[in-house]
Amino acid sequence: MGDAQAEGEGPRCVGCGGCVKTLFVQYSPGNIRLMKCDNCKAVADPYIECEFMIILIDLILHKTRAYRHILFNKLSMGSSVDKGILYRSTLIHIALDAFRISFSKGNRADGASSTSIFSTIFNCFEVIGDAFLGNIIFMIMLFLGVRFILKLSFDITRYREVLFAVIISSYFKLFLFTMMVWEFPSSVIFIVEMFVLSSNVVALRVVSQFPKAHCFGVCLMAHAAKYLTERWILGKP
């Protein structure tokens, strides 16, 4: 089911997920006509004429139409265009995880950390290494789940699409930046992670076209493995 949906590149209808030749025809600057999907006969992508805030609200509400618009039509998933976005998004993803781990370690340290410059540099590299390890475990478990639960055939392009969708759908981690400015209770981190998990499920469902329960199982397994790895890291002396 998922492999069949993967055939063909190009834009998608946000309603049914089918491939379309073009999303709109432009007659002059600011004068366009949205094209209809040959499959469902509805407008292929009405988000083209929407403001970003409307799209963001629909993403937060976990609407599959908004995720198809972002992944397939806005970021051109599956083409060579998304490679740079994937690499940069992965680095940002790891950096945000490093900040989250640093925040958790800071709470446990009770202000007893050293102020030595060498100690600070060492702690920075240690936190980045911990975040990198957690994400490696996450990706391994994600790909194992995709292979054995969703039973997608091994295809490097297909698996890159899965990783791309999961990383992009983790956008709510950007909320962690606000913790650098305002003080929040540590429970906010848990809420952010739960939102990221649910968002990952929607994105994986959009990419694979498998039932929500299967996608939830894959994402839960990957997030649980990452969580246990970070608990082990934070438990080290």
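**Helices, a hairpin and salt bridges in a predicted chain**

Valine 146 is found in helix 5, which covers residues 117-148. Helices (H or I, at least four residues) and strands (E, at least two residues) are DSSP runs, numbered from the N terminus. Valine 146 is buried, because its relative accessible area is 0%; buried means under 20% relative accessible area, exposed means over 50%, and partly exposed lies in between (1.4 Å probe, protein chains only). Valine 146 and valine 162 are 16 residues apart in sequence, while their C-alpha atoms lie 8.5 Å apart in space.

The structure is a predicted model, in which local features need pLDDT of at least 70 and side-chain atom pairs count only at pLDDT 80 or more, whereas totals for chains, interfaces and linings use all residues. Residues are numbered from 1 along each chain as its sequence is written, and side-chain values use heavy atoms, with hydrogens and water left out.

The chain contains 8 helices and 2 strands. From the N terminus on, these elements follow the order α-β-β-α-α-α-α-α-α-α. Of the 237 residues of the chain, 40% count as buried.

Strand 1 (residues 24-28) and strand 2 (residues 31-34) run antiparallel and are joined by 4 bridges. Two strands are taken to pair if DSSP finds at least two bridges between them. Valine 25 has arginine 33 of strand 2 as its bridge partner. The hairpin of strand 1 and strand 2 has 2 residues between the strands, and glycine 30 takes a positive phi near 85 degrees there. In a regular strand the side chains alternate between the two faces of the sheet.

Helix 7 comprises the 22 residues 187-208, which should span 32 Å at 1.5 Å a residue; the end C-alpha atoms are 32 Å apart, so the two values agree. The expected span of a helix is 1.5 Å times one less than its number of residues. Helix 7 is mostly covered, with 16 of its 22 residues buried. Just after helix 7, glutamine 209 takes a positive phi of about 60 degrees.

The unreviewed UniProt entry lists residues 131-150, 162-182 and 188-207 under "transmembrane region". UniProt positions are given in the numbering used here, feature names are shortened, and annotations may be inferred rather than shown by experiment. Over residues 131-150 the chain is 90% helix and 0% strand, with the end C-alpha atoms 27 Å apart. Over residues 162-182 the corresponding values are 33% helix and 0% strand, with 34 Å between the end C-alpha atoms.

Ile92, Leu174, Phe177, Met180, Val181 and Trp182 make a nonpolar surface patch of about 640 Å². Patches are made of residues with over 30% relative accessible area and no salt bridge, like charges being joined within 9 Å and nonpolar side chains (Val, Leu, Ile, Met, Phe, Trp, Tyr) within 5 Å. Accessible areas come from the Shrake-Rupley method with a 1.4 Å probe, and for residues only the protein chains shown count as cover. Isoleucine 92 is found in helix 4 (residues 82-109) and counts as partly exposed because its relative accessibility is 42%.

Side chains of opposite charge can pair when their charged atoms come close. A salt bridge is a side-chain nitrogen of Lys or Arg within 4 Å of a carboxyl oxygen of Asp or Glu, and a search of the whole structure finds 8 of them. One joins lysine 63 to aspartate 58, with the closest N and O atoms 3.6 Å apart. Lysine 63 is partly exposed, at a relative accessible area of 38%, whereas aspartate 58 is buried, at 11%.

Aspartate 97 forms a salt bridge with arginine 100, the closest N and O atoms being 2.8 Å apart. These two residues of helix 4 are 3 residues apart, so about one helical turn separates aspartate 97 from arginine 100. Both aspartate 97 and arginine 100 are buried. Glutamate 161 and arginine 158 form another salt bridge, with 3.1 Å between the closest N and O atoms. They lie 3 residues apart in helix 6 (residues 156-168) and are therefore separated by about one helical turn. Glutamate 161 is buried, with a relative accessible area of 10%, and arginine 158 counts as buried at 4% relative accessibility. Salt bridges that share partners join Asp97, Arg100, Lys173, Glu193, Lys226 and Glu230 into one network.
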